Every structure is written in C-alpha cells, then in structure tokens.
Amino acid sequence: MQLLMYRPGTSAVWADALFASMLQRSDRPSAGQVRQAAAAALRAYGGRGCAERVAQEFGDHPETAVARMRWAREVVDEVFAAPPRPERDVRRRRPGLPISGLRRWRLVRT
C-alpha cells in the first residue's frame, strides 16, 4: 500500500480561507470584500491553518459549519471563477495560409 498526499485545488483553498475569515453571509459581501477577506485569512493563518480552523469548526459545531462551508464554496465559485474563454474559430485552417487572404484556385488543363 502506498501513502499518497492530498493536494487540494485552489478553489478548496480559497473556500477554506473564506470559511476561516471574519466575513459573514449576513454581510452580503461584494466580490472585492470576499477577495480581501480570503487573502487576509491566508496571510494570517496560511493554507494549512485555514484548513485546521475548518476542521475544528466541523468538530465543534458541525450543523453550522456545513451551512457556512456551502456558502463559502458557492461564493468562491462565483468570485474566483475562471474568465470565459473566447470562442474558437471552428473553420478548418490550412497551415501557413491566413483565411482572409485565401485565393480561389482552379484547375486548368494544359
């Protein structure tokens, strides 16, 4: 049996940081406030420290911790979402020839 180390994704780290912050759902925070609060918690406690605070809260008050983590994950998904990618051009391109500069070629019998 091999021992593996769990590496949380960035959204999980931000959610833990928001959970450990002083920001409350009732404050109806803006995106900027969420970013500032999560960054401040990460600076103060570090990633592991935020995870430890989450674990402690789940141990002490599991019923309220579930609702707070659900809120934190929803807010983090909204605030830290990846920007939308530009739509790709679905037309097939020939290597080395720009689409706008293509000329129409025709076969000529000689």
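What share of the contacts in the protein chain with a separation of 6 or more comes from residues 24 or more positions apart? The share is 71%, where a contact means heavy atoms within 4.5 Å. Let's walk through the chain and meet some of those contacts.

Before we set off, please note that this is a predicted model, in which local features need pLDDT of at least 70, side-chain atom pairs count only at pLDDT 80 or more, and totals for chains, interfaces and linings use all residues. Residues are numbered from 1 along each chain as its sequence is written, and side-chain values use heavy atoms, with hydrogens and water left out.

Helices (H or I, at least four residues) and strands (E, at least two) are DSSP runs, numbered from the N terminus. Of the 110 residues in the chain, 24% are buried. Here buried means under 20% relative accessible area, exposed means over 50%, and partly exposed lies in between (1.4 Å probe, protein chains only). The chain exposes about 9900 Å², and carbon and sulfur atoms supply 52% of that area; accessible areas come from the Shrake-Rupley method with a 1.4 Å probe, and for residues only the protein chains shown count as cover.

Start with helix H1. Its buried residues are Ala-12, Ala-15, Asp-16, Ala-17, Leu-18, Phe-19 and Ala-20, and their cover includes H2 and H3. Look for Ala-15, which counts as buried at 1% relative accessibility. Leaving aside neighbours within four places in sequence, Ala-15 is in contact with Met-69, Ala-72, Arg-73 and Val-76. Ala-15 and Met-69 are 54 residues apart along the chain, yet their C-alpha atoms are separated by 7.3 Å.

Next comes the loop between H1 and H2, where you will find Leu-23 and Arg-28. Leu-23 is buried, with a relative accessible area of 13%, whereas Arg-28 is exposed, at 74%. Not counting residues up to four places away in sequence, Leu-23 touches Leu-18, Pro-29, Gln-33, Val-34, Ala-37, Arg-68 and Trp-71. Arg-28 has a backbone detail to spot: its phi is near 45 degrees, a positive value in a residue other than glycine.

Now turn to helix H3, residues 62-79. At 1.5 Å a residue, its 18 residues should span 26 Å, and its end C-alpha atoms are 25 Å apart, which agrees; the expected span is 1.5 Å times one less than the number of residues. Its buried residues are Ala-65, Arg-68, Met-69, Trp-71, Ala-72, Val-75, Val-76 and Val-79. Seen down the axis of H3, these fall within an arc of 165 degrees, so they line one face of the helix. That arc is taken from the directions from the helix axis to the C-beta atoms. Why can residues separated in sequence share a face? An α-helix has 3.6 residues a turn, so residues three or four places apart point the same way. The face turned away from the buried side of H3 carries the exposed residues Glu-63, Arg-70 and Glu-78.

What do the buried residues of H3 pack against? They pack against helix H1 (10-20) and helix H2 (31-60). The contact between H2 and H3 involves several residues, among them Val-34, Phe-58 and Asp-60 of H2 and Pro-62, Ala-65 and Val-79 of H3.
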